[in-house]
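Here is a short briefing on a multi-chain model. It goes from overall form to interfaces, then to local detail.

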Amino acid sequence: MTNPSDRVISDIAPGEFDTGVSSGRKVFGNVMTGLVFACVAIAILPLASIIFMVIANGLGRFSPAVFTELPPPPLVEGGGFRNAIVGTLLTCLIGALISVPFGVLTAVYNVEFGRGNKLSQFVHFCTNVLSGVPSIIAGLFAYGVVVLTLGTFSAIAGGVALAVLMAPIVIRTAEEGLKSIPRDVRQAAVGIGATNFQSVFSIILPAALPFIATGVTLALARAAGETAPLLFTALFNQYDAKGLREPIATLSVLIYNYAISPYKNQQELAWVAALIVVLLILAVSILARALTSRKVY
Amino acid sequence: MTSLTTAQQETLIESSSKFSGVRLTDRIFYWLTVILAIGIGLVLIWITYSLLSIAIPAIASFGLGFLASSTWNPVQDVYGAFPQIYGTILSSFIALLFAIPLGVGVAIFLSENFLPRKILTPIAFTVELLAAIPSVVYGMWGIFIFIPAILPLLKWVNNAFGWVPIFSTSPSTRQLFAASLVLAIMILPTIIAISRDTMISIPPQLRQGAYGLGATRWETITKVLVPAGLSGIIGSIMLALGRALGETMALAMLVGNSNRINISWFAPASTISALIANQFGEASGLQKSALFYEALVLMLLTLAVNVLAEFIVGRFQQVE
Amino acid sequence: MTTNPSTQPNARSSMLPESDVVIQTENVSIYYGSFQAVRNVFLDIPKNRVVAFIGPSGCGKSTLLRCYNRLNDLIPGARVEGKITYQGVDLYDPKVDPVEVRRRVGMVFQKANPFPKSIYENIAFGARVNGYKGDMDELVERSLRGSALWDEVKDKLKQSGLSLSGGQQQRLCIARAIAIEPEVILMDEPCSALDPISTLRVEDLIHELKQQFTIIIVTHNMQQASRVADYTAFFNAEAGDGGSRFGYLVEYDRTENIFNSPKQQSTQDYVSGRFG
């Protein structure tokens with residue numbers, strides 16, 4: 001028996017190794033490839049079904065009236081939900097007014113000042129944990145903090161609940177945007193005697209704007225579809241809310257209330273509302289994607 | 001050598017007075033960002049505290065026995081969370097059962113070059129859009145389309161395998177199993193996104209090494225890539241679990257809201273968040289407090305899962 | 001006078017036949033955390049001269065350069081030991097305002113890094129943050145003329161600075177640096193990303209700028225050092241205890257001496273290309 005290390009390739013007898021890939025290995029590969037393609041089909045099918053169904057069921061009732069009229073009482077035909085459209089815009093706006101400055105400045109701390117120190121690691125951790133807080137908990141939080149304080153359900157309470165859910169999204173995308181700016185640009189600004197404040201507001205934030213805009217649109221898209229945080233904060237209102245400190249209708253709560261209602265007209269309105277919300281969110285998601293591609297650096 | 005005049009030295013050592021406003025703004029700005037950064041931690045504490053403060057009467061009345069009691073009786077003002085905890089965990093478990101193989105399969109598809117990039121990118125984007133659909137729309141889709149479509153299949157399962165306890169009741173139109181399937185679709189994007197990022201970030205040498213040894217594509221995937229990315233995949237599953245535990249609207253609309261435990265998956269059930277969504281409007285006094293107690297349980301449950309996920313994903317990123 | 005504890009010969013390299021010294025570097029060591037990047041440097045920078053720092057990668061020349069305007073402050077864990085004085089003031093005195101230091105010691109970076117703003121705003125920004133009250137249009141024109149860019153951009157001042165070519169961007173960055181009228185300009189391999197023609201223009205510019213400014217330039221290109229610098233400092237890197245490399249100053253002299261009759265063998269090896 002020769003020492004194995006003395007063997008050369010030509011010594012290896014034919015058949016000692018499989019020539020080519022054996023049929024068993026090929027079958028395994030083909031089956032697995034088939035399985036992943038099936039996985040993709042199964043994953044995409046619900047999306048296709050949802051979009052198709054929302055359009056098929058919603059388009060029939062889609063008319064200017066839904067934007068201009070109020071929801072009718074049960075058993076009355078027609079109507080719309082202008083109050084809910086206004087309510088969704090208003091609660092989202094309040095959510096953005098709170099979460100955007102908060103989120104952007106937190107991101108500024110993490111990227112510009114903290115740079116991986118203990119506090120910024122802690123903030124990073126808290127951001128991730130906060131993004132995992134169930135949306136209904138955000139609603140209960142706003143109920144305890146705002147509704148009980150003001151003594152009434154309101155657009156403000158709804159906005160606060162949404163802000164809790166929007167903040168982590170804004171922080172993350174703003175951080176990404178700030179990190180995308182080359183260190184040299186930062187140093188150049190500081191190098192000609194700008195303070196951090198001047199460099200952040202005049203140079204860095206404007207350059208990171210596409211990212212921040214993406215974050216804000218994604219956060220708005222999420223907020224526009226949220227229902228659970230609004231159930232006990234904004235509540236619902238059959239009519240136009242007359243102020244911020246009053247219960248207010250929103251599209252998502254309207255969908256919930258009307259989808260589980262037995263009345264055909266209300267179910268139809270729920271589909272139209274779903275159509276509007278889904279199209280809005282899809283449009284915003286695609287817009288957000290387009291925004292990120294407009295990077296400065 | 002020349003030295004600066006005294007006046008010039010002063011401006012170098014301490015900024016000249018004309019900049020004091022600018023410097024002050026800078027300090028204020030810095031501290032503002034610090035306060036807001038700390039604020040994010042405070043918000044978490046504040047959320048937990050606000051739940052706790054309203055839950056206190058219920059905690060005082062029922063203690064930890066609340067978690068094991070199956071009574072939910074607003075008439076006698078006696079409450080227990082066990083059926084909801086059971087429903088929350090079981091629905092998340094069933095959802096994961098379906099979402100894990102599907103999600104990892106799609107992640108493999110999107111990270112390996114089965115198809116050209118030009119086709120993969122839109123598919124990846126489409127899958128991301130699944131996460132953008134509001135949960136209330138999933139709920140409505142479940143009521144009107146998904147459950148009616150799947151009910152015949154479940155009836156057949158009940159007929160053929162009715163002797164298995166979990167399939168033992170005739171499928172109800174609002175039930176745990178179908179609701180869990182919708183939940184599986186909802187958490188799919190979370191698993192796909194993070195698993196895919198993990199697989200893509202595996203060093204190319206590993207892949208080339210496996211191919212270089214004569215491994216086929218699938219041997220490389222199953223024996224090298226999936227094990228290498230395992231902690232990222234597990235992290236994605238944990239995050240998806242966190243999302244499933246807290247998901248509200250779809251379950252409130254589909255699960256049936258029965259506060260009794262039924263061993264059959266085809267029967268109505270309840271979850272913590274579905275119970276809160278359904279009962280909060282009419283609740284007051286001790287019942288409201290009990291709902292906050294349930295919310296606190298949910299908060300701690302998701303917190304634990306998310307913190308664990310953080311550590312797992314974080315550990316993977318450090319290894320890179 | 002302190003003795004250099006470095007293991008290297010030629011302990012004190014900073015003696016110069018110049019009386020007008022702007023920056024004094026006395027026994028400076030620079031650390032990143034526990035890692036020592038630069039060890040025991042003595043070096044004096046004369047006024048209105050061009051000083052080149054040359055040496056192989058990792059010899060700490062850029063690190064040292066960034067100490068002169070305290071840009072290393074921005075890197076977590078960076079620490080300077082020893083003393084750097086600027087016109088007699090200790091730059092690392094706790095009372096010194098780093099923002100003010102950076103206004104007087106300007107910097108041009110390896111890769112042109114204009115702000116994502118118009119050409120005009122790129123220059124006006126620095127002037128504005130430094131409280132410039134004069135005629136901004138005039139300052140912009142003067143700075144752009146000073147960096148030999150005016151004729152190329154005078155009709156498109158509102159365009160983004162990022163729309164210029166690489167060489168133009170670098171001259172814009174030089175214009176930006178001189179607009180705030182510093183006394184010293186630090187240049188960190190300003191031509192390494194430029195084509196030969198743009199490089200030549202920047203080198204011509206350096207010659208002109210020296211009338212007004214003191215310039216320290218880090219370069220990988222020995223021809224460039226010999227073309228632009230009055231004095232040249234050669235740095236080398238060496239493995240220290242535990243195997244981590246640190247940089248140190250080998251020799252500092254008039255440029256023609258460094259290139260024609262260096263005192264150290266390693267300098268001779270490096271400038272004649274027999275290095276490594």
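**Chain B: form and fold**

Chain B has a radius of gyration of 27 Å, whereas a compact globule of 320 residues would have one near 20 Å. That radius is taken over C-alpha atoms, and the globule rule is 2.2 Å times the number of residues to the power 0.38. The model is predicted: local features need pLDDT of at least 70, side-chain atom pairs count only at pLDDT 80 or more, and totals for chains, interfaces and linings use all residues. Residues are numbered from 1 along each chain as its sequence is written, while chains are lettered from A and ligands numbered from 1 in the order in which they are written.

- The C-alpha trace of chain B spans about 100 × 65 × 35 Å along its principal axes.
- Chain B holds 12 helices and two strands. Helices (H or I, at least four residues) and strands (E, at least two) are DSSP runs, numbered from the N terminus.
- The order along the sequence of chain B is α-α-β-β-α-α-α-α-α-α-α-α-α-α.
- Of the 320 residues in chain B, 45% are buried. Buried denotes 20 or more other C-beta atoms within 10 Å of a residue's own, exposed 12 or fewer, and partly exposed in between, with C-beta atoms placed from the backbone.
- Take the contacts in chain B between residues at least 6 apart in sequence: 78% of them join residues at least 24 apart. A contact needs two C-beta atoms, placed from the backbone, within 7 Å.

**Interfaces with chain A**

- Chain B contributes 66 residues and chain A 69 residues to their contact. Helix 2 (residues 20–62) of chain B gives the most to the chain B side, with 20 residues.
- By class, that side of chain B has 46 nonpolar, 16 polar and four charged residues. Ala, Val, Leu, Ile, Met, Phe, Trp, Tyr, Cys and Pro count as nonpolar, Asp, Glu, Lys and Arg as charged, and the others, Gly among them, as polar.
- Chain C touches chain A too: 21 residues of chain C are in contact with 21 residues of chain A. Helix 2 (98–104), strand 6 (105–108), helix 3 (119–129) and helix 6 (166–179) of chain C each give two or more residues to the chain C side.
- That side of chain C divides into 12 nonpolar, five polar and four charged residues.

**Domains of chain A**

- Chain A is assigned domain 1 (23–59) and domain 2 (67–292). The bounds come from an automatic or database domain assignment.
- The centres of domain 1 and domain 2 of chain A, taken over C-alpha atoms, are 32 Å apart.
- Six residues of domain 1 of chain A are in contact with five residues of domain 2 of chain A. The domain 1 side has four nonpolar, two polar and no charged residues.

**Strand 3 of chain C**

- Five of the five residues of strand 3 of chain C are buried, so the strand is largely enclosed by the rest of the structure.
- C:Val50, C:Ala52 and C:Ile54 lie on one side and C:Val51 and C:Phe53 on the other, and all are buried.
- Strand 3 runs parallel to strand 8 (residues 214–218) of chain C, joined by four bridges. There, C:Val50 has C:Ile215 as its bridge partner.
- Four bridges also join strand 3 to strand 9 (residues 231–239) of chain C, again parallel. C:Val51 stands opposite C:Tyr231 in strand 9.
- Strands pair if DSSP finds at least two bridges between them.

**Positive phi in loops**

- B:Asp77, which is not glycine, has a positive phi near 60°. B:Asp77 sits in the loop between strand 1 (72–73) and strand 2 (78–79) of chain B. B:Asp77 is exposed, with 11 other C-beta atoms within 10 Å.
- C:Asn48, also not glycine, has a positive phi near 55°. C:Asn48 lies in the loop between strand 2 (35–46) and strand 3 (50–54) of chain C.
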